Amino acid sequence: MYESHFKFTSRPFNATPHPDCFFPNQSAKAALNSVVSCIQRAAGTALVVGGSGIGKSLFLHVLGKHFQKSHSVVILESASLTSRRELLQSILFELGLPYRGMEEGELRLTLMDYLKPSDHCPNGLLLCVDEAHLLQVNLLEEMRMITNLVREGRPRAQLVLAGNPSIEEKISDPKLESLNQRIVVRAYLDSMSQSECRNYIQACTEYAGQLVENIFDEDSIEAVFVATNGIPRLI
């Protein structure tokens, strides 16, 4: 109802992340540049750290869109993964490959076969995992093993983990020493400043077909910033 009242052409503040609505603040720009460079150089694993509502899911979808023409991109929600078999099935499902009725070893071999250099997978797999702090140690280790596959001197799978600050404590587990050593980029997403909050509201409003000054005055924008502490989801 409020869309028609304010004469919006679409919903300006969506609860679900959409790459076209990405409005990066300073920390997100720096993080994106670092992670993109890491992937382009095939340098190793990237870790994206941020609190709840800060934009980690949207960040991964923007990253996936950036590389969708050069890589086979898989974005996983880790909360539903409880075993190595489920992890491998989820990756194969996202790649459009058979995954039903197969043992864990068969699933792994199917993925390894797909990752061989070919026309359908020229630069390998980009595996992005959201809420990675919820993953069990054995699943994180499985992901590290997937990144072990190297052909012609380049890795055939690259990993980006996104999670809340507890992810750094989790990967410091001695059982994950090998994974920890492979992390070459640690990017941190922070809340927006007051000016970034205003620009974000303006961008979302204009994306939905209205001018920000027709909807919000400066006092209301300041009130939004104070009430949300600059956290995008709360804004």
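Student: Which residue in β3 is the bridge partner of serine 72?
Tutor: Leucine 125 is the bridge partner of serine 72. Bear in mind that this is a predicted model.

Student: In what sense do β2 and β3 pair, and over how many bridges?
Tutor: The pairing of β2 (residues 72–77) with β3 is parallel and runs over six bridges.

Student: And β3 with β6? How many bridges there?
Tutor: Five, again in the parallel sense, with β6 covering residues 157–163. Within that pairing, cysteine 128 stands opposite valine 160 of β6.

Student: Why is β3 described as largely enclosed by the rest of the structure?
Tutor: Because six of the six residues in β3 (residues 125–130) are buried. Leu125, Leu127 and Val129 are buried on one side, and Leu126, Cys128 and Asp130 are buried on the other.

Student: How does the lining divide into nonpolar, polar and charged?
Tutor: There are 18 nonpolar residues, eight polar and four charged.

Student: Last one: is glutamine 181 buried or exposed?
Tutor: Exposed, because its relative accessibility is 58%, and the cut-off for exposed is over 50%. Glutamine 181 sits in α8 (residues 177–182). Its C-alpha atom is 48 Å from that of phenylalanine 216, 35 residues apart along the chain.

Terms used
Residues numbered from 1 in each chain as written. Predicted model: local features only at pLDDT ≥ 70, side-chain atom pairs only at ≥ 80, totals over all residues. Heavy atoms only, no water. Helix = DSSP H or I, 4+ residues; strand = E, 2+ residues; numbered from the N terminus. Buried < 20%, exposed > 50% of the residue type's maximum accessible area, 1.4 Å probe, protein only. Pairing = 2+ DSSP bridges. Nonpolar A, V, L, I, M, F, W, Y, C, P; charged D, E, K, R; others polar.
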